[in-house]
Amino acid sequence: MNEDQIKGKAKDIGGKIQQKVGEATGSRQQQREGLSNQAEGKVQEKVGDVKDIVKGNR
């Protein structure tokens with residue numbers, strides 16, 4: 001795994017936690033931010049995947 005994949009996964013997981021906290025507290029803003037962080041994390045993971053492919057690591 002490269003740095004982008006690790007950071008992306010961490011952001012995705014953090015976003016899931018943030019979304020669940022928002023659901024538990026009734027905060028729609030927290031839920032939206034959590035979903036946004038999940039999407040950003042998934043994109044960053046894919047960037048890392050592409051970098052691996054370009055470098056020939058896959």
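Q: Where should we start, say with how many residues helix α1 has and what span they should give?
A: Helix α1 holds 23 residues, 3-25, and at 1.5 Å a residue these should span 33 Å, which agrees with its end C-alpha atoms being 33 Å apart. The expected span is 1.5 Å times one less than the number of residues, and helices here are DSSP runs (H or I, at least four residues) numbered from the N terminus.

Q: What kind of model is this, and how are residues numbered?
A: This is a predicted model, in which local features need pLDDT of at least 70 and side-chain atom pairs count only at pLDDT 80 or more, while totals for chains, interfaces and linings use all residues. Residues are numbered from 1 along each chain as its sequence is written, and side-chain values use heavy atoms, with hydrogens and water left out.

Q: Which residues of α1 are buried?
A: They are Asp4, Gln5, Gly8, Asp12, Gly15, Gln18, Gln19 and Gly22, where buried means under 20% relative accessible area, exposed over 50%, and partly exposed in between (1.4 Å probe, protein chains only). What covers them includes α2, residues 28-55.

Q: How do α1 and α2 pack?
A: They pack at an angle of about 165°, with their axes 7 Å apart. That makes α1 roughly antiparallel to α2, a term for angles over 145 degrees, on a scale from 0 to 180 degrees between N-to-C directions.

Q: Back to Asp4: is this residue buried or exposed, and what does Asp4 touch?
A: Asp4 counts as buried because its relative accessibility is 17%. Leaving aside neighbours within four places in sequence, Asp4 is in contact (heavy atoms within 4.5 Å) with Gln44, Glu45, Val47, Gly48 and Lys51. The side chain of Asp4 also makes a polar contact, at 3.4 Å, with the side chain of Gln44; such a contact is a pair of N or O atoms within 3.5 Å, and within protein one must be able to donate a hydrogen and the other to accept it, while residues adjacent in sequence count only if both atoms are side-chain atoms.

Q: And what about Asn37, where is that residue placed?
A: Asn37 lies in helix α2 and is partly exposed, with a relative accessible area of 22%. Not counting residues up to four places away in sequence, Asn37 touches Lys11, Asp12, Gly15 and Gln18.

Methods:
Helix = DSSP H or I, 4+ residues; strand = E, 2+ residues; numbered from the N terminus. Parallel < 35°, antiparallel > 145°, perpendicular 65-115°, else oblique.
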